[in-house]
Amino acid sequence: MKRMMVFSKRNFIEMSRDVLSYIFCVAFPIAMLVIMSVVNSSIPKQAGVTMFRIDNLAGGIAVFGQTFVMLFTAIGVAKDKNGSFLTRLYATPMKARDFVYGYIIPMLLVAFIQVIMSNVTAFIISRVQGSELKVSGLLLSTVMVLPSALMFSAIGMIFGTLFNEKAAPGLCSIIISLGCFIGGIWFDVEGVGGTIEKVAKCLPFLYATKVARAAIDVDFKKENFIIPMAVVLITAIVLTVLASFVFSRKMKKIV
């Protein structure tokens with residue numbers, strides 16, 4: 001446990017030194033929240049478009065921000081793997097799970113800070129627009145989105161382990177685009193229906209967005225929160241176990 005926490009601290013410090021991490025993990029999601037809120041204010045109410053309404057937008061942005069946590073997890077792992085840092089650590093008593101959680105834990109902390117800042121911004125926007133946004137829902141969502149943060153971190157861990165610094169970010173970019181497109185962040189997937197909806201329901205991204213929005217609305221209905229949360233939790237656990245397995249295999253090959 002001690003070795004894992006020391007390694008986690010090192011990884012958090014390394015990420016905090018990267019200026020791009022502040023831009024993509026903090027500034028960009030907040031900027032998108034503000035921009036889309038402005039877009040929403042210019043849409044006539046008669047159009048009936050609710051996707052960019054602040055209560056829906058806040059949940060979507062929370063998940064959107066987590067995709068960049070995945071990206072920086074992959075970059076961090078790939079960078080350490082291709083250098084001599086991890087090779088030296090393999091000679092220590094550290095186990096594969098110490099490495100995996102040592103990478104994932106600081107990213108969960110980043111995701112937690114990220115959603116707090118995003119929710120504070122959403123609350124300010126709601127007051128400026130004169131709309132209602134439940135404080136209890138915003139507080140609840142800071143915890144309820146952590147399983148999806150674990151899921152994205154595990155994906156980043158897998159990509160960083162299997163691929164190099166050039167390939168891993170590219171694959172993460174595909175997941176970012178896919179997550180935004182069929183994750184219901186920017187448009188109503190279920191309203192569109194058809195093949196897009198069927199594909200979306202086979203992947204966990206839409207369920208992650210549903211959990212975030214249901215938490216903000218304090219809506220615990222089965223179809224809006226319980227089932228989506230179950231899907232996200234199971235996916236997060238499976239991917240974390242898979243990340244441990246993949247990293248362990250890679251570690252044995254090097255050692």
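**Entry: helix 1 and helix 5**

I began with helix 1 (residues 2-16) and helix 5 (residues 96-129), which pack at an angle of about 50° with their axes 8 Å apart. I took axes as lines fitted to C-alpha atoms, for helices over the stretch in contact, with angles running from 0 to 180 degrees between N-to-C directions. That angle makes helix 1 oblique to helix 5; angles under 35 degrees count as roughly parallel, over 145 as roughly antiparallel, 65 to 115 as roughly perpendicular, and the rest as oblique.

On the helix 1 side, I found the contact made by Arg3, Met4, Met5, Phe7, Ser8, Asn11, Phe12 and Met15. Helix 5 brings Asp98, Phe99, Tyr101, Gly102, Tyr103, Ile105, Pro106, Met107, Leu109 and Val110. Contact here means heavy atoms within 4.5 Å. By class, I have 13 nonpolar, 3 polar and 2 charged residues in the contact of helix 1 with helix 5. For the classes, Ala, Val, Leu, Ile, Met, Phe, Trp, Tyr, Cys and Pro count as nonpolar, Asp, Glu, Lys and Arg as charged, and the others, Gly among them, as polar.

A note on the source: this is a predicted model, so I kept in mind that local features need pLDDT of at least 70, that side-chain atom pairs count only at pLDDT 80 or more, and that totals for chains, interfaces and linings use all residues. Residues are numbered from 1 along each chain as its sequence is written, and side-chain values use heavy atoms, with hydrogens and water left out. Helices are DSSP runs (H or I, at least four residues), numbered from the N terminus.

**Entry: helix 5 and helix 7**

Next I followed helix 5 to helix 7 (residues 146-162), where the axes come within 9 Å and cross at roughly 135°. Helix 5 and helix 7 are therefore oblique to each other, and helix 5 passes helix 7 in a right-handed crossing. Which residues make this contact? From helix 5 I listed Phe99, Val100, Tyr103, Ile104, Met107, Leu108, Ala111 and Phe112, and from helix 7 Leu146, Ala149, Leu150, Ser153, Ala154 and Met157. The contact of helix 5 with helix 7 has 13 nonpolar, 1 polar and no charged residues.

**Entry: helix 3 and helix 8**

I then turned to helix 3 (residues 54-82) and helix 8 (residues 167-182), packed at about 170° with axes 9 Å apart. The two are therefore roughly antiparallel, and helix 3 passes helix 8 in a right-handed crossing. Helix 3 uses Phe64, Thr67, Phe68, Met70, Leu71, Ala74, Ile75 and Ala78 to meet Ala168, Pro169, Cys172, Ile175, Ile176 and Cys180 of helix 8. I sorted the residues of this contact into 13 nonpolar, 1 polar and no charged.

**Entry: cysteines**

How many disulfides are there? My search of the whole structure gives 0 (a disulfide being a pair of cysteine sulfur atoms within 2.5 Å). For Cys25, the nearest cysteine sulfur is that of Cys172, 11 Å away. Cys25 counts as buried at 1% relative accessibility; buried means under 20% relative accessible area, exposed over 50%, and partly exposed in between (1.4 Å probe, protein chains only). For Cys180, the nearest cysteine sulfur is also that of Cys172, at 13 Å. Cys180 is buried too, with a relative accessible area of 8%.

**Entry: single residues**

Gln114 sits in helix 5. Is Gln114 buried or exposed? At 5% relative accessibility, I count Gln114 as buried. Leaving aside neighbours within four places in sequence, Gln114 is in contact with Cys25, Pro29, Ala62, Gly65, Gln66 and Val69.

Ser37 lies in helix 2 (residues 19-42) and is buried at 4% relative accessibility.

Last, I checked Val218, in the loop between helix 11 (205-216) and helix 12 (222-254). Its phi is near 50°, a positive value in a residue other than glycine. Most residues other than glycine have a negative phi. Val218 is partly exposed, with a relative accessible area of 32%.

Key. A crossing is left-handed if the near helix is turned anticlockwise from the far one by less than a right angle, and right-handed if clockwise.
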